[in-house]
Amino acid sequence: MSEEKMEFNAEEEMETGIILTDEDGNEVEFDLLDNVEYEGNSYLIMLPADDNDDGNVVIMLLEEGETEDDDTLLTVTDEKLLDEVYAIFKENNKDFFDFED
């Protein structure tokens, strides 16, 4: 399983937005929707801030470093894990979002 690492810089956080830098040095802006705890790990549920977005969320594993500046986000490729984390997100936020099944 290959994992894409993206640098997570807490200083670049906005109210509910996060700017991530990918492996190629490109900055990508996301709206942070939730932080879901599952099986001892933290998963950030984000929506790309790009206006051309299709409405699909991005779920990334938060790998905590020694300091907040050392935190890293890892791409989750396990479909079963993604479904389980997304189900928790939907349950926790059913009063705030309209979900399409």
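In this predicted model, Glu39 has a relative accessible area of 65%, and because a residue counts as exposed when that figure is over 50%, Glu39 is classed as exposed. Its place in the chain is the loop that joins strand E3 (27-38) to strand E4 (41-48). The backbone at Glu39 also deserves a careful look, for its phi is near 50°, a positive value in a residue that is not glycine. Most residues other than glycine have a negative phi.

A contrasting case is Asn93, which has a relative accessibility of 8% and, since buried means under 20%, is counted as buried. Asn93 is found in the segment that follows helix H1 (79-92), and its side chain reaches back to the backbone oxygen of Phe89 at 2.9 Å. When its neighbours within four places in sequence are left aside, Asn93 is in contact with Asp34 and Phe99.

Phe99 leads on to another feature, the largest pocket, where it is among the residues that lie nearest the centre, together with Gly55, Asn56, Val57 and Tyr86. Rolling a probe the size of a water molecule over the atoms shows where empty space is left. The volume of the largest pocket is about 400 Å³, and its lining is made up of 15 residues.

Conventions
Residues are numbered from 1 along each chain as its sequence is written. This is a predicted model: local features need pLDDT of at least 70, side-chain atom pairs count only at pLDDT 80 or more; totals for chains, interfaces and linings use all residues. Side-chain values use heavy atoms; hydrogens and water are left out. Helices (H or I, at least four residues) and strands (E, at least two) are DSSP runs, numbered from the N terminus. Buried means under 20% relative accessible area, exposed over 50%, partly exposed in between (1.4 Å probe, protein chains only). A polar contact is a pair of N or O atoms within 3.5 Å; within protein, one must be able to donate a hydrogen and the other to accept it, and residues adjacent in sequence count only if both atoms are side-chain atoms. Contact means heavy atoms within 4.5 Å. On a 1 Å grid over the protein atoms alone, a cavity is a set of points where a 1.4 Å probe fits but cannot get out, and a pocket is an open set with protein on both sides within 12 Å along at least five of seven lines; lining residues have an atom within 4 Å of a point. Grid points are joined across faces, edges and corners, and a volume is the space filled by probe spheres set on the points.
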